[in-house]
Each structure stands twice: as structure tokens, then as C-alpha cells.
Amino acid sequence: MQLSRAWPWQSDWRPARGSIGERGPPAVDLTEDELEEGKDEDEREGCPAETPALPEPGFGVTGKSQAAETLRRPSGEALLPGCYDIVLCVDFIETTGGCTARKQELVKELQRNGVTFDIRKLNVGDFLWVARERVAPVPGQLRPPPGKELVLDYVIERKRIDDLCGSIIDGRFREQKFRLKRCGLRRPIYLVEECGSAAAHLSLPESTLQQAMVNTQVVDGFFVKRVQDVKESVAYLTVMTRQLQKLYQNRTLFCRSREEEGEGGSEGPCAGREKESPSCSLLSFSEFNHGAVKNKCQTVREVFARQLMQISGISGDKAAAILEHYSTVSSLLQAYERCPTETEREKLLSSIRYGKLKRNLGPALSRTVYQLYCTPGPLS
């Protein structure tokens, strides 16, 4: 499979000259079916249909009846069309520290392109977009009152190719994907910069990087965008911003809470209906950012998930599937105790299904987990 630097409106993905996997098989457009489903010309009044990371210019949106909209409308305040602006939010780490010249280039390019952006602390991701309420100044007050801010369902994690290598080696890559999938936003994007000469001196083989990016897109459900340098990154952010402004210009946006759809956003009880006919229900920025704090107090379930993901071969989807049956270490150990034989203990988790394809975890992983938690002495 081939990942390329094709612009989002191109139907075929062509590999860049000298990029990873140049000699691989022809490109496969993983988003073609989703685009075709979203091109219904007779339904223009609903909320955005399922799209790839950047909505294709001119695609249709899925409509729905007023009764259905009323039933699915989340409780909370709303932002009416024409009463808000779509603003790009940039994590302050992307503009300070490290290579100052490179980071200032990002700011200057955004300004040159006329993109409205705001620099702030983001607890997950490097870029995202908010719908910011327009608030009129109050006579006698220095600053206008703060307006409501709702986070659009797109969040970008930017990686230089050399930093991607380091994050794969030290485990940050897996953790970042896990946090992005659990942040409550449904369209996570990885923006990978090849950075010219930096790609010539990497700590991992090209095949390993290519496989990591393919897994990120196919298995984890992220959109992976490859660019050459900072200027191409800014060009992508610019086009994304303008497309989202066009996409949401006539939408009424409603504020939802994490409790309404579950901690994972797309994994809540309304997940199936959201995929059929997505609503314009969005998290507030304050709730999103607070819920994405990296060092916040963790529940027993979250700690158990992190433990499982340290085991080789267990991805976020597999860990989540195990947690659906055994939410804590204690419940898993009790299940092992109820098994009458050693063989049944080793196979306890083998039939658990995970991911969109609902594949079994298999006996090998099941045995590994059992040995990790139930072996009294050191593992051989």
C-alpha cells in the first residue's frame, strides 16, 4: 500500500519522488467509498457526511428529517449560522522552543496565507479548529466577554520523519495514537514532514516507517498526510481551514458532553447513528482540553489499558476489546481463577473480537497475557 503527498481533492494518490515506499505497489484510495456516500445531491441541508481528513470541494452532505434532527440533537447551547467563526488553533509548542527559525516560518506562512489562527496550549494534538462565537464589545469594558467555543472533529498531530522514528522506538507513537483516539474528536490526522535531508539519516528502515504509517491509516483509522516541508504543512492547514469554513458556514452547531457519547467520542451509544447521518454536535473547547490532560489522575481502567498496550502485539483496539470484557486487572484474575484447567486459562482471551473486522485476539496473545499476570516467578 502506498501513502503519498496527493492533495486531498485528488482521487488517486501518487507517491512523491524519493519518498518512503516509492517502489511499492500502486496506490489505493481508502476514502473513495466514503466520498461516494457523501455525494447525494438531493440532501444538502443536514450535517457533514463521513469524509476523509479534508472534505473534497463540492461534495454533498447527508440530510435528515426535522423529527430525526430533534431526536438526535444533544442538550446544551447552540451556535447559529453566521454567529461564529472557524479558527485554527496552534499548540504553543509549535511556535516556541526548539528550532526557532523553523517554527517562526510556520507562523509567518500562516499570516502570509491570511489564515485566522490562535496560539494556545493544546493537551493533545498540534492543530485543531474551533467554532468561536462572535461577541460584541460591551461599553465600558476593556475586553469583550468570552464567547463559546466548540471544537470541530478534526485534530492534527504533526511529525517530522526523524521524530516519527524516535517516537516509534521509545513507544510515544503508540501512546499518542491512543490518546488521539480517546480525545473525543472523530477525525484524527497524522501530518508527516519528510524534511529533505533529514529523511536520509533515519534510525529505522524505510520499510518499517512505511508499515507504521499504513497501520496508522488502515488499522487505527487515522488519515495520514505526507508533505515535504513546513511550507507544504502550512499549505495543507490553509486549505483545510478554508474548506472547513465553507463546510460549516450554514450549520447550527450544538454543544455535547463526553457523557452523552462515551469517553471515546465515536465509541459511545450513538456511534452507529453518527456514522449513518453525522450531527453537528461538538465538544466545548474547555471540556475537550481538560479531558485530554496527559498527567491527570487515571482510573483503574485507564491504567489497565496502558499496561495491556505495553505488551508486544496489543494495539489500542485490542486493549479496548479486552476492557469490554474485563475492565480491571482484578476482574481478569478472577476470571482466570474460575477456569478449571491451565489450558482454558491460556485460551480465555483468544475468542475476544476486536476492531472493525471483528477478528479474534488469538491463542498466542491470550497466552502471553495469561503468563504476564499469572506467572509467579520471572518470565523466561
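**Stop 1: helix α5**

Select residues 172–181, which make up helix α5. This is a predicted model, so treat every value here as computed from the prediction. Is the helix mostly covered or mostly open? Mostly covered: seven of its ten residues are buried. Colour the buried ones: F173, Q176, K177, F178, R179, L180 and K181.

Now show what surrounds them.

**Stop 2: the end of α5**

Stay on K181. This lysine counts as buried because its relative accessibility is 19%, and buried means under 20%. Which residue does K181 form a salt bridge with? Select D220: the closest N and O atoms of the pair are 3.9 Å apart. K181 sits in helix α5, while D220 sits in the loop between α6 and β7 (223–227), so the bridge ties together parts that are 39 residues apart in sequence. D220 is buried too, at a relative accessible area of 13%.

Why do such pairs form? Side chains of opposite charge can pair when their charged atoms come close.

**Stop 3**

Go to R172. It forms a salt bridge with D170, and the closest N and O atoms are 2.9 Å apart. Check the cover on each partner. R172 is partly exposed at 29% relative accessibility. D170 is also partly exposed, with a relative accessible area of 48%.

**Stop 3: α4 against α6**

Select residues 161–170 for α4 and residues 206–218 for α6. How do these helices pack? They meet at an angle of about 80°, and their axes are 11 Å apart. The two helices are therefore roughly perpendicular to each other. Show the side chains at the contact. From α4, pick I161, L164, C165 and I168. From α6, pick L209, A212 and M213.

**Stop 5**

Select D153 and R186. Their side chains meet in a salt bridge, with 2.5 Å from N to O. Trace the chain between them. D153 is in strand β5, and R186 is in the loop between α5 and β6. The two are 33 residues apart, so the pair links distant parts of the chain.

Next, select D118, R120, R132 and E149. Salt bridges that share partners join these four into one network. Across the whole structure, a search finds 21 salt bridges.

**Stop 4: a nonpolar patch**

Select F92, I93 and I119. They form a nonpolar patch on the surface, and together they have about 230 Å² of accessible area. Zoom in on I93. It lies in the loop between β2 (84–91) and α3 (100–112). Its relative accessibility is 40%, which makes I93 partly exposed.

**Stop 5**

Q104 counts as partly exposed, at 32% relative accessibility.

**Stop 6**

Jump to K358. K358 sits in the loop between β10 (353–354) and β11 (359–360). Its relative accessibility is 48%, so K358 counts as partly exposed.

**Last stop: the whole chain**

Zoom out and colour by secondary structure. How many helices and strands are in the chain? There are 15 helices and eleven strands. Of the 380 residues, 48% count as buried. Now think about contacts. Take those with a separation of 6 or more: residues 24 or more positions apart account for 71% of them. The accessible surface of the chain comes to about 19,200 Å². Carbon and sulfur atoms hold 51% of that area.

Technical notes
Residues are numbered from 1 along each chain as its sequence is written. This is a predicted model: local features need pLDDT of at least 70, side-chain atom pairs count only at pLDDT 80 or more; totals for chains, interfaces and linings use all residues. Side-chain values use heavy atoms; hydrogens and water are left out. Patches are made of residues with over 30% relative accessible area and no salt bridge: like charges are joined within 9 Å, nonpolar side chains (Val, Leu, Ile, Met, Phe, Trp, Tyr) within 5 Å. Accessible areas come from the Shrake-Rupley method with a 1.4 Å probe; for residues, only the protein chains shown count as cover. Helices (H or I, at least four residues) and strands (E, at least two) are DSSP runs, numbered from the N terminus. Buried means under 20% relative accessible area, exposed over 50%, partly exposed in between (1.4 Å probe, protein chains only). Axes are lines fitted to C-alpha atoms, for helices over the stretch in contact, and angles run from 0 to 180 degrees between N-to-C directions. Angles under 35 degrees count as roughly parallel, over 145 as roughly antiparallel, 65 to 115 as roughly perpendicular and the rest as oblique. Contact means heavy atoms within 4.5 Å.
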